[in-house]
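Here are my notes from going through this one, as promised. Have the structure open while you read.

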Amino acid sequence: MAPAPIQFDRASGVLAGANAWERLAAIALTLGSKVSAHFSHRGYNLCANLLRKTLPERGIQIKLNPDAVFEFPYGDGYWSKLLNRTYNYEDELELLFKDSADVDYTLLDCGANYGYWSVLVSSKPFGSHKAIAIEPSGQNFPKLANNAKINGNRFEAMKCAIGAARGTARLSGSKHEAFSIAGDQSGGEEVPVIALDNLLDDGKIAADGKYLIKLDVEGVEIEAMKGGARLMQIDSVLLCEEHGNDPEHTVSRYILEQTPLKLIVYDPRSHRLETVTDLSILDRIKVSTHVGYNVFGTASAFWLARIDALNAKGRAPRAMRD
């Protein structure tokens, strides 16, 4: 029987259920996040994962807010930054989700990993929204399903990848946050693939709904957009990752030149979510090659008006790096 998970409350900073070594590790993980934040957390994941090898295998449950608990393996390099209470994961997404608490929308959490955004968006402070968390990895999916369970099964978890059409693909990678079906994956795990529009075909979602679509699909963003042509024509916003190591801005270029969507990015100079017509702005914004930058794409008058109103409130985040 697995040991009970450690508990950490981000609001109070209280760590419960940890032994002395695990408490010392928490201090190290927190300080490491604070120090490495000055250079976009470069090297943090590697150091945290090395530290993890010295820890017993058990989970940690992070209380993100009074109605949201997120569990992951203790010491995980990607998620342990949450022990640092000053760290904000993808500021600009959280801002949009919080501002949309009063909107009747569904989150399509594609490439959900362990379900962080599905846990948050389905919580009361974020509006208790419906969420569908889509994750293909046989390694990640049980952790995603567990996070659905410990939050009352209030969001749906689907084990599949997102692509241009139904089928199968092979998934592989060395990091749980970066598994991909892109490229030659001959040695990977075979996974089912669906298109975004198949969610309409299968009755999972309705054509008259409103949607925020988080596309964190590790190199398959363009294929995913090709499979979501109908979904992009309704009241939806695509939230895509534009990687810092791509000088061609491939995802943003596709949105701008090959889709009917308006491209929107957070500009740290103006502290606004700006509509982009010239991709050269990304040369200035993408300052770190090892992190992802979120860009938004929408053709919805409703969501464009919401983003304009959000800008008018002057509540834009300090940064858009994760």
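Below are numbered points on the sheets, the salt bridges and one arginine.

1. A reminder before anything else: this is a predicted model. Please read the distances and angles below with that in mind.

2. Start with the sheet of 8 strands. It is open, its pairing is mixed, and the strand order is β7-β6-β5-β11-β12-β15-β13-β14. At the edges you'll find β7 (156-158) and β14, each pairing on one side only. From one strand to the next, the twist averages 25°.

3. Two pairings in that sheet are worth a look. Strand β12 (residues 235-243) runs antiparallel to strand β15 (residues 292-298), with 7 bridges joining them; if you want a spot to check, Val237 has Thr298 as its bridge partner in β15. Strand β13 (residues 262-267) and strand β14 (residues 272-276) are also antiparallel, joined by 5 bridges, and here Val265 is partnered with Glu274 of β14.

4. β13 and β14 make a hairpin, with 4 residues between the two strands. Take a look at His271 in the turn: its phi is positive, about 60°.

5. What lies across β5 (106-110), β11 (210-215), β12 and β15? That's helix α3 (residues 91-99), and it runs at about 35° to β15.

6. Next, the sheet of 3 strands, which is open as well, with mixed pairing and the order β8-β10-β9. β8 (161-163) and β9 (167-171) are at the edges with a single partner strand each, so one side of each has no neighbour in the sheet. The twist here averages 50° from one strand to the next. β8 pairs in the parallel sense with strand β10 (residues 189-195) over 3 bridges, and Ala161 has Val193 as its bridge partner in β10.

7. On to charges: how many salt bridges does the structure hold? The count is 20. One of them joins Glu156 and Lys204, at 2.4 Å from N to O. Glu156 is in strand β7 and Lys204 is in the loop between α6 (196-201) and β11, so this pair ties together parts 48 residues apart in sequence. Glu156 is partly exposed, at 29% relative accessible area, and Lys204 is partly exposed with a value of 29%.

8. Glu189 and Lys159 form another salt bridge, with their closest N and O atoms 3.3 Å apart. Since Glu189 sits in strand β10 and Lys159 in the loop between β7 and β8, the pair ties together parts that are 30 residues apart in sequence. Glu189 counts as partly exposed at 29% relative accessibility, and Lys159 is partly exposed at 34%.

9. Then there's Arg230 with Asp201, a salt bridge of 2.7 Å, N to O. Arg230 is partly exposed at 40%, as is Asp201 at 46%. Elsewhere, a network of salt bridges links Asp99, Asp102, Arg306 and Lys313.

10. Last, have a look at Arg10, in the loop between β1 (6-9) and β2 (15-16). Arg10 is buried yet has no salt bridge; Glu94, the nearest side chain of opposite charge, is 6.3 Å away. What does lie 2.6 Å from a polar atom of the Arg10 side chain? The backbone oxygen of Asn84. Residues that Arg10 touches include Ile62, Leu64, Leu82, Arg85 and Tyr87.

Definitions and conventions:
Residues numbered from 1 in each chain as written. Predicted model: local features only at pLDDT ≥ 70, side-chain atom pairs only at ≥ 80, totals over all residues. Heavy atoms only, no water. Buried < 20%, exposed > 50% of the residue type's maximum accessible area, 1.4 Å probe, protein only. Lys, Arg positive; Asp, Glu negative; His and termini not counted. Salt bridge = Lys/Arg side-chain N within 4 Å of Asp/Glu carboxyl O. Polar contact = N/O pair within 3.5 Å; in protein donor to acceptor, adjacent residues only side chain to side chain. Contact = heavy atoms within 4.5 Å. Pairing = 2+ DSSP bridges. Axes fitted to C-alpha atoms, helices over the stretch in contact; angles between N-to-C directions. Lists of a residue's contacts leave out its neighbours within four places in sequence.
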